[in-house]
Amino acid sequence: MPPAEVVVYDFDGTLVEGDIGAAFIHHLLQGWRRALVLPFAPLGFALMRFEATRRAGVSIFLFFGALGRRIDALEAMAERFAETRSMRPRERELAWLRADVKAGHRVVVATGAFEPLARVALRRLGVYPGVTLVASRLRPRWGGAGVARHCTGEAKLRALAEEGFPPPYVRAVSDAAIDLPLLRAADEAVLVNASARCRLIVRQALGTRLVDADLPVLPLL
């Protein structure tokens, strides 16, 4: 299908509540691994505050969580974690996604979550393999693992293009200001489940192009 027929959804905070990627890294950081990462945690959190250094910040926590574990073992752990983790689906957004699939759009879920996590979660939600998944990937690194592709911000657009989905898009749906590059690349930018600060940032960038799905509808006088 041509790029104009592509609709892109974020995952965490958009199709489900919470952040499954962060929860999985927290799950990995148990026992001695947690003790090892503690001195580096302030640096990791500081790096994660900015898009340009977010990948490096995530990599710090991931490295210690993955220390001594092979990539295939991490993938198996991720799948088990996603199978058993309690999820709170956002039914409105999932209904939109299913309607887009039914309408014949090429629906892509683009997420910063590790690919096995997102794939299993989407399958549990009943929408995979009906949608295409573009997600973050890991690579072996110094006895642990690093981020080979962190599918957030500008990198999310690059990952989409690598997978054959360059912009523009018919619609993009997200809950986060970090997805502003994705929202800019869509004819219709839809913001859901967003904080007041996120609303302000995205509205200043997009103006009237933004569809804020959670603003109250004023009654007609």
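Predicted model: local features only at pLDDT ≥ 70, side-chain atom pairs only at ≥ 80, totals over all residues.
Residues are numbered from 1 along each chain as its sequence is written, and side-chain values use heavy atoms, with hydrogens and water left out.

I then followed the partner of Arg92: Glu93 forms a salt bridge with Arg92, the closest N and O atoms being 2.7 Å apart (a salt bridge is a side-chain nitrogen of Lys or Arg within 4 Å of a carboxyl oxygen of Asp or Glu). Glu93 is buried, with a relative accessible area of 1%. Both residues belong to a network of salt bridges that links Glu17, Arg90, Arg92, Glu93 and Asp214. By this rule I have a count of 16 salt bridges.

Next I turned to Glu79, whose salt bridge with Arg119 has its closest N and O atoms 2.8 Å apart. Glu79 lies in helix α5 and Arg119 in helix α7 (residues 115-124), so the pair ties together parts that are 40 residues apart in sequence (helices are DSSP runs of H or I, at least four residues, numbered from the N terminus).

Last, I checked Glu83, which lies in helix α5 (residues 71-84) and, at 40% relative accessibility, counts as partly exposed. Leaving aside neighbours within four places in sequence, Glu83 is in contact (heavy atoms within 4.5 Å) with Val120, Arg123 and Arg124.

How values were computed:
Helix = DSSP H or I, 4+ residues; strand = E, 2+ residues; numbered from the N terminus. Buried < 20%, exposed > 50% of the residue type's maximum accessible area, 1.4 Å probe, protein only.
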